[in-house]
Structure formats: C-alpha cells, structure tokens
Amino acid sequence: MTPSEFRKRFPILGRRVYVNSCSQGALSVDVEQAVTAHLDSWHREGSPWEMWVDEVNRLRTQFAAAIGADTDEIAVMPSASAGINAVASALDFSGQRSRVVIGPFEFPTMAQIWLAQERRGATIRWAEADGDVLPVESYARVIDDRTLIVPATHVCFRNGHRTDIAALARLAHDRGAYVFLDDYQRTGSGPIDVHALGVDFMVTGCLKYLLATAGIGFLYVRRDLIERFEPTVTGWFGRVNPFEFRIDRVDWPPSATRFESGTPPVQNAYAALAALRLLERIGPAAIGAQVTRLVERFHHAATSAGVVVRTPADGNRRGPLVVVESVDAPRLVSRLAGRGIVASCRGNGLRVSFHAYNDEADVDAVVDALEAEAELLARREARSAAAS
C-alpha cells in the first residue's frame with residue numbers, strides 16, 4: 001500500500017487538513033467497520049465472550065509483532081496509566097534502590113504516578129533539560145547506584161523532542177536501573193524494536209499514531225523480568241485462568257498478562273486490531289520515511305520564516321511532532337480550524353504532527369495558513385530583541 005492509497009482510507013482528509021495525530025489519530029473506514037463488526041456480533045450472538053477474548057488475544061499478537069516483541073511480553077491495558085500503575089505497584093522501594101529518575105519532558109501521568117510512590121518509599125530525582133533539549137548526559141548526572149527505575153518519554157508532547165532511548169537504556173543498565181519507556185507520542189509513526197532498544201518496560205496507547213480509540217493501550221515487559229514482579233494493582237484477568245473464578249487465592253501467570261486487571265475493552269480491541277492491520281499494510285518503514293520527509297519540510301519552512309520552533313533542528317532528535325511557539329496558541333488553533341486545519345496546542349506551543357496519511361500539500365497548507373496568521377506567532381528576532 002502506498003501513502004496515497006493509505007490516505008484514501010481516512011474520509012476526513014477530503015474535508016480537512018488533519019495534522020493532529022499527536023492528540024487523536026484520524027478515523028479510517030477500517031476502524032469504523034471494525035467497531036460496526038463488534039456491534040453486529042453483539043446483536044447477533046448476544047454475549048460471545050470466547051470470540052471477543054480471542055479478538056483481544058489476536059490484538060496482543062499483532063501488537064507484539066509490530067514492536068519486535070513476543071506475544072507473552074504484552075499486556076492489553078485500558079490505558080497507559082493502568083500499565084504504569086501495574087508496574088509501579090510491583091516494585092519494592094524499601095531497599096537500597098529506591099530512587100526514580102525523571103526528566104522534565106514527561107507527560108503528567110508518568111510523573112504523577114511515580115510521585116505518588118513517594119508514599120511507598122520512593123525518592124524522586126530530576127534530570128535537567130537544556131532549554132528544549134534533554135541529552136542523555138543530563139540523566140547521567142543523577143542516575144546512580146540507588147536508582148531503581150528511569151521512566152522516560154520517547155517524544156515529548158510539549159516540544160516534539162525525541163530522546164535517545166537506546167543510549168539511555170545502556171546508561172541505566174550499566175548502573176543497575178530499569179528503563180520504562182513511554183512511547184505514546186511515537187508508536188505507529190515509524191519502526192520500533194523494543195528488544196533492540198533494550199528497554200525493560202514500555203507503555204503506549206491506541207489514541208494517537210496507532211489510529212484507533214481511547215480506552216485501550218499496551219504494556220510491554222521484557223520476558224526475563226516478568227516473573228520477578230507481582231503487581232498489587234490487579235484484577236481477575238491478571239490470573240492464570242480468569243474463568244476459574246477463584247476468590248480464595250491470587251496467582252500470577254508466567255506472561256505479561258499478570259499485569260492486566262479487569263474485563264478487557266472488547267470494542268476498543270476490535271478498533272485497535274483493525275488499525276494495526278491497516279498500519280501493517282503500508283508498513284512501518286514507509287510510514288517512518290513519509291513522516292520524516294514531512295517533518296523536515298515543515299520544520300525547514302517554519303525556521304526559514306523566522307518562527308520560534310521548539311522542536312530540535314537535529315533530525316535524530318525529532319519525532320512526528322513539530323511545535324512552534326505562539327503568542328496565543330488556543331486562539332491560533334481556533335483560527336486554523338476556521339481555515340479547515342485541525343491542530344492542537346499545549347501551553348503556548350502550536351503542535352503540528354504528521355502521519356503517513358499526510359502529504360506535502362498538507363504541509364504547504366499549514367505553512368500558508370500560519371503566514372496568514374503571522375501576528376499570532378512568536379518570532380526569533382522579537383525574542384532576541386527582548387533578551388538584549
């Protein structure tokens with residue numbers, strides 16, 4: 001499948017310039033049909049739970065293949081938050097290693113869950129950014145022999161910075177600490193191999209570049225770590241045999257399903273499986289190449305126009321998201337919507353994100369619209385004058 005064929009699967013692209021995958025992926029006809037298929041099965045069969053659970057397991061296998069993992073290393077979760085909480089609940093902060101090292105680019109969930117562990121004995125230490133850049137050296141200054149785990153986002157939701165996760169994993173492992181990757185702002189926008197990256201845990205969700213819906217995500221746990229942990233945030237689907245319905249004991253399966261909890265989100269699993277199969281048809285390499293081209297085109301245009309671009313110029317430090325600074329970002333998002341462009345903002349940063357369904361015409365449309373709304377953009381010369 002080519003990018004142009006992929007694009008045709010998303011009806012909104014015939015009406016809008018959609019550059020908001022960082023918040024919500026566009027809806028494909030494939031996902032819509034899958035949701036309808038679930039509803040049809042519900043109408044037709046009543047309660048075909050065996051069939052529905054089989055669909056969740058097919059999703060587990062499909063996602064594992066997409067990230068270079070094995071099926072038994074994947075837990076299907078209702079959210080990334082649930083995955084983080086399950087792992088946090090299994091950790092012991094009473095020993096020498098009680099420190100959690102966090103960078104400033106994390107999504108609130110990742111930071112808040114680990115801050116909550118202070119009540120269980122965790123100590124939080126912060127790596128410091130250098131403006132909009134967070135080098136691994138910043139982590140090196142705070143990871144030590146008392147560090148238990150290092151949660152780290154792959155791509156920052158506020159500025160589009162991409163952290164060198166492989167280097168961070170090597171550093172943390174050399175010092176005896178785990179690495180917990182938050183890949184939510186990247187999964188689905190290009191190739192990923194969790195085994196090659198060397199991370200110990202990873203969470204992501206289907207809301208953004210995986211092109212499905214809220215209410216479903218994934219937790220990856222490296223196989224040799226799985227049986228070391230017994231999560232206390234748990235539920236009946238975290239058991240060896242959920243349908244045994246035992247209430248007098250708690251057991252943990254030898255796979256990552258031990259990190260699951262309640263009834264799986266079946267309808268969302270139908271949607272997610274359809275989205276993953278569609279992504280597989282175009283392929284992660286083609287997706288990554290298209291996204292890289294579009295990000296470079298937009299970053300270059302915005303920088304050449306003198307706009308303050310908060311996303312690094314180094315292509316190796318960028319994901320699918322480019323953030324430009326605005327003097328009134330919510331108003332700018334509204335103005336762009338009036339021009340048929342769907343984007344989003346966080347703070348004073350306008351977020352423009354790309355997927356394989358975008359093309360060069362989308363980039364150029366956003367650039368033209370920003371030129372027309374130039375009074376709402378922060379300019380480098382104005383910032384320099386203010387600083388002097």
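**Entry 1: Glu-260**

In which loop is the place of Glu-260? I found Glu-260 in the loop between helix H9 (223–226) and H10. I record at the outset that this is a predicted model.

I then looked up the partners of its side chain. The side chain of Glu-260 makes a polar contact with the side chain of Arg-60, at 2.5 Å. A polar atom of the Glu-260 side chain also lies 2.9 Å from the backbone nitrogen of Val-76. Leaving aside residues up to four places away in sequence, I noted that Glu-260 touches Arg-60, Ile-74, Ala-75, Val-76, Met-77, Thr-234, Gly-235, Phe-237 and Gly-238.

**Entry 2: The seven-stranded sheet**

I read an open sheet of seven strands in the order S2-S8-S7-S6-S5-S3-S4, with mixed pairing. Strands S2 (74–77) and S4 (123–126) stand at the edges; each has a single partner strand, so one side of each is left without a neighbour in the sheet. From one strand to the next, the twist averages 20 degrees.

I followed S8 (residues 217–221) through its two pairings. S2 pairs with S8 in the antiparallel sense over four bridges, and Val-76 has Phe-218 as its bridge partner in S8. Strand S7 (residues 201–205) pairs with S8 in the antiparallel sense over five bridges; here the bridge partner of Thr-204 is Phe-218.

How many residues of strand S8 are buried? I counted five of the five, so S8 is largely enclosed by the rest of the structure. Both faces of the strand are covered. Gly-217, Leu-219 and Val-221 are buried on one side, and Phe-218 and Tyr-220 are buried on the other.

I also checked a parallel pair. Strand S5 (residues 147–153) and strand S6 (residues 178–182) run parallel and are joined by five bridges. Val-150 stands opposite Val-179 in S6.

Helix H5 (residues 108–116) lies across strand S3 (99–102), S4, S5 and S6, and runs at about 140 degrees to S4. Helix H7 (residues 165–174) lies across S5 and S6, at about 155 degrees to S6.

**Entry 3: Helix H10 and its partners**

I returned to H10 (residues 266–282) and looked up its packing against H2 (residues 29–45). The axes of these helices come within 8 Å and cross at roughly 145 degrees. H2 passes H10 in a right-handed crossing. Among the H2 residues in the contact I noted Val-31, Ala-34, Val-35 and His-38, and among those of H10, Tyr-270, Ala-271, Ala-274 and Leu-278. The contact residues divide into eleven nonpolar, three polar and two charged.

At what angle do helix H3 (residues 49–66) and H10 pack? The angle is about 35 degrees, with the axes 9 Å apart. This crossing is left-handed. The H3 residues that meet H10 include Trp-49, Trp-52, Leu-59 and Phe-63, and the H10 residues include Val-266, Tyr-270, Leu-273 and Leu-276. In this contact I recorded twelve nonpolar residues, one polar and four charged.

I then looked up Leu-377, which is found in the loop between helix H13 (360–372) and helix H14 (380–387). Leu-377 counts as buried because its relative accessibility is 6%. Residues up to four places away in sequence excluded, Leu-377 touches Val-307, Val-324, Glu-325, Ser-326, Val-327, Leu-332 and Leu-370.

Three strands form an open sheet in the order S9-S12-S11, with antiparallel pairing. Its edge strands are S9 (321–325) and S11 (344–346), each of which pairs on one side only. The twist averages 35 degrees from one strand to the next.

S9 and S12 (residues 349–353) run antiparallel and are joined by five bridges. The bridge partner of Val-324 in S12 is Leu-350. Helix H11 (residues 284–304) packs on this sheet and touches S9 and S12, its direction making about 15 degrees with that of S9.

Technical notes
Residues are numbered from 1 along each chain as its sequence is written. This is a predicted model: local features need pLDDT of at least 70, side-chain atom pairs count only at pLDDT 80 or more; totals for chains, interfaces and linings use all residues. Side-chain values use heavy atoms; hydrogens and water are left out. Axes are lines fitted to C-alpha atoms, for helices over the stretch in contact, and angles run from 0 to 180 degrees between N-to-C directions. A crossing is left-handed if the near helix is turned anticlockwise from the far one by less than a right angle, and right-handed if clockwise. Contact means heavy atoms within 4.5 Å. Ala, Val, Leu, Ile, Met, Phe, Trp, Tyr, Cys and Pro count as nonpolar, Asp, Glu, Lys and Arg as charged, and the others, Gly among them, as polar. Two strands pair if DSSP finds at least two bridges between them. A polar contact is a pair of N or O atoms within 3.5 Å; within protein, one must be able to donate a hydrogen and the other to accept it, and residues adjacent in sequence count only if both atoms are side-chain atoms. Buried means under 20% relative accessible area, exposed over 50%, partly exposed in between (1.4 Å probe, protein chains only).
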